[in-house]
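This briefing is meant for a reader who has not seen the structure before. Please keep the sequence and the model at hand while reading the points below.

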Amino acid sequence: MDVLDLSRWQFGITTVYHFLFVPLTIGLSVIVAGLQTAWYRTGKPAYLRLTKFWGKLFLINFAMGVVTGIVQEFQFGMNWSDYSRFVGDVFGAPLAMEGLMAFFLESTFLGLWIFGWDRLSPRLHLATIWAVAIGTNLSAYFILAANSWMQHPVGYRLNPETGRAELTDIWAVLTNSTALVTLPHVIFGAFITAGAFITGVSAWQLLKKRHIELFRTSARMAMAVTLVASVGVAFSGHWQAQIMTEQQPMKMAAAEALWEDESSAGFSIFAVGDVARGRNHINLQIPYGLSLLSTNTLDGRVEGINDVQARYEALYGPGDYRPIIGVAYWSFRLMIGFGVLAALLAAAGLWLTRRGRLPENPWFHRIAIWGIGLPFLANSLGWIFTEMGRQPWTVFGVMRTAAAVSPGVDIPEVAITLVGFTLLYGVLAAIEVRLLLKFIRIGPEDEPGQESADVAPALSY
């Protein structure tokens, strides 16, 4: 391995680890705000207890996301200084807006929410958690706008004297078509993540026969959120695939192991290919599926890897413009597969708990606990596909990844920090899990004047 490979590994590990916390934070912020709104409107103690219970878990996750996110941004200066110098004028703008507008908004009002329970009026206190939720989603928007610029650069010009990209239109960056389709996909994915998390934790409480009525309500709410968000992910993913086919045809072709331009292209379910010769030995397909996904027509033409490679060589010069085909192909499939499993689990849970029922057999609760991991896997694989599928470009069509790495960094330096960050993140993961498990076991606190036993023993379980 060289410095480029190690730097990519380090950034990849940091990014995937950081994004374990991001979707859960986004989803929980809105759900906690919704639960507190329900308590404010109805006065029912159950909603208040759920607000405080899930709010504690939200705070733990939020804190961990902040820590890992700061380290991630430092890497732009440490390992990717040539990239930072080249695009800092453009890339830095949405990141600065995220820090000054969104992060300060959510962090300030989060403090007011934590310490304002007995100091602010109920209406004002409710407004603080909604400000947190809005700020969290704004953070996601600005960061996605920055990332989308790397996928589809707009609103800039290249200065021939300085050799740098310079911002010319911030509005074009913020309304980038790539960002506009990526944002709903990420937000819906965040709701699936939060829904599966709440479902799994509620299932554990129900398995232990604790607070049955409380967590049955919580589980059904979370499963409904997961199912609705799954529909949103499917539609937004469809729009995203169409934009990707137009802007990054190589990524779409690699995702489907499609080697030659093809009309009425099928969606590949399982393929075994020969990358060196540019062909598939085995390819099981859903007829017309890829054309429908990419062009909204059954006979639409989709570009293949070999044809795009030839076109890119003529446009950008000699080189290999293909990503790692196996990674792109299987990360795309597994992303979809884990997302579908999360949706099916939510649908099954809603059916089993209809009309006040609770499953007599604990098998569903055990599956729901393991199901917490499904959207986390789908999110991680989605970002692996998004970033590795763009290779060999850091900024698509403008700057190659090999030109972005820091020139003054050597292999031992990157290797030491790579190992150090990975070990540190392992420790932080253990702390996060331990804290979450501690407060999950404690369960929701009783409100003053409320009896602690709300397990409703008369219910058949």
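**Aromatic residues**

One aromatic cluster is formed by Tyr-312, Tyr-316, Tyr-321, Trp-393 and Phe-396. The model is a predicted one, and it holds 29 aromatic pairs.

Aromatic pairs

- Trp-149 and Tyr-156 form an edge-to-face pair, with 5.5 Å from centre to centre and 80° between the planes.
- Trp-149 has a relative accessible area of 1%, which is under 20%, so Trp-149 counts as buried.
- Tyr-156 has a relative accessibility of 24%; this falls between 20% and 50%, so Tyr-156 counts as partly exposed.
- Tyr-321 and Trp-393 form a stacked pair, 5.9 Å centre to centre and with 25° between the planes.
- This second pair links distant parts of the chain, as Tyr-321 and Trp-393 are 72 residues apart.
- Tyr-321 is in the loop between helix 11 (305–316) and helix 12 (325–352), while Trp-393 is in strand 7 (residues 393–395).
- Both Tyr-321 and Trp-393 are buried.

Charges over rings

- The charged end of Arg-354 is placed over the ring of Trp-351, at 3.6 Å from the ring centre.
- Lys-251 lies over the face of Phe-385, and the distance to the ring centre is 6.0 Å.

Packing of helix 8 and helix 9

- Helix 8 (residues 212–247) packs with helix 9 (residues 249–256) at an angle of about 120°, and their axes are 5 Å apart.
- On the side of helix 8, the contact is made by Ala-241, Met-244, Thr-245, Glu-246 and Gln-247.
- Helix 9 contributes Pro-249, Lys-251 and Met-252 to this contact.
- Sorted by class, the contact between the two helices has 4 nonpolar, 2 polar and 2 charged residues.

Thr-37

- Thr-37 is part of helix 2 (residues 22–42).
- A polar atom of the Thr-37 side chain lies 2.8 Å from the backbone oxygen of Ala-33.
- Apart from neighbours within four places in sequence, Thr-37 is in contact with Leu-126 and Trp-130.

Ser-291

- Ser-291 belongs to helix 10 (residues 289–295).
- The relative accessibility of Ser-291 is 0%, under the 20% cut-off, so Ser-291 counts as buried.
- The side chain of Ser-291 reaches the backbone oxygen of Gly-300 at a distance of 2.7 Å.
- With neighbours within four places in sequence left aside, the residues in contact with Ser-291 include Ser-263, Ser-264, Ala-265, Asn-296 and Thr-297.
- Gly-300 is also among the contacts of Ser-291, as are Leu-298, Asp-299 and Val-302.

Ala-165

- Ala-165 is found in strand 2 (residues 164–167).
- Ala-165 has a relative accessible area of 0%, and because this is under 20%, Ala-165 is buried.
- Not counting residues up to four places away in sequence, Ala-165 touches residues including Phe-86, Val-87, Asp-89 and Val-90.
- Ala-165 also touches Trp-149 and Tyr-156, the two partners of the edge-to-face pair.
- Arg-157 and Leu-158 are among the other residues that Ala-165 touches.
- Between Ala-165 and Phe-188 there are 23 residues in sequence and 33 Å in space, taken from C-alpha to C-alpha.

Note on methods
Residues are numbered from 1 along each chain as its sequence is written. This is a predicted model: local features need pLDDT of at least 70, side-chain atom pairs count only at pLDDT 80 or more; totals for chains, interfaces and linings use all residues. Side-chain values use heavy atoms; hydrogens and water are left out. Axes are lines fitted to C-alpha atoms, for helices over the stretch in contact, and angles run from 0 to 180 degrees between N-to-C directions. Helices (H or I, at least four residues) and strands (E, at least two) are DSSP runs, numbered from the N terminus. Contact means heavy atoms within 4.5 Å. Ala, Val, Leu, Ile, Met, Phe, Trp, Tyr, Cys and Pro count as nonpolar, Asp, Glu, Lys and Arg as charged, and the others, Gly among them, as polar. A polar contact is a pair of N or O atoms within 3.5 Å; within protein, one must be able to donate a hydrogen and the other to accept it, and residues adjacent in sequence count only if both atoms are side-chain atoms. Rings of Phe, Tyr and Trp (its six-membered ring) pair if their centres lie within 6.5 Å; planes under 30 degrees apart count as stacked, over 60 as edge-to-face and the rest as tilted. Buried means under 20% relative accessible area, exposed over 50%, partly exposed in between (1.4 Å probe, protein chains only). A charge sits over a ring if NZ of Lys or CZ of Arg is within 6 Å of the ring centre and within 35 degrees of the ring normal.
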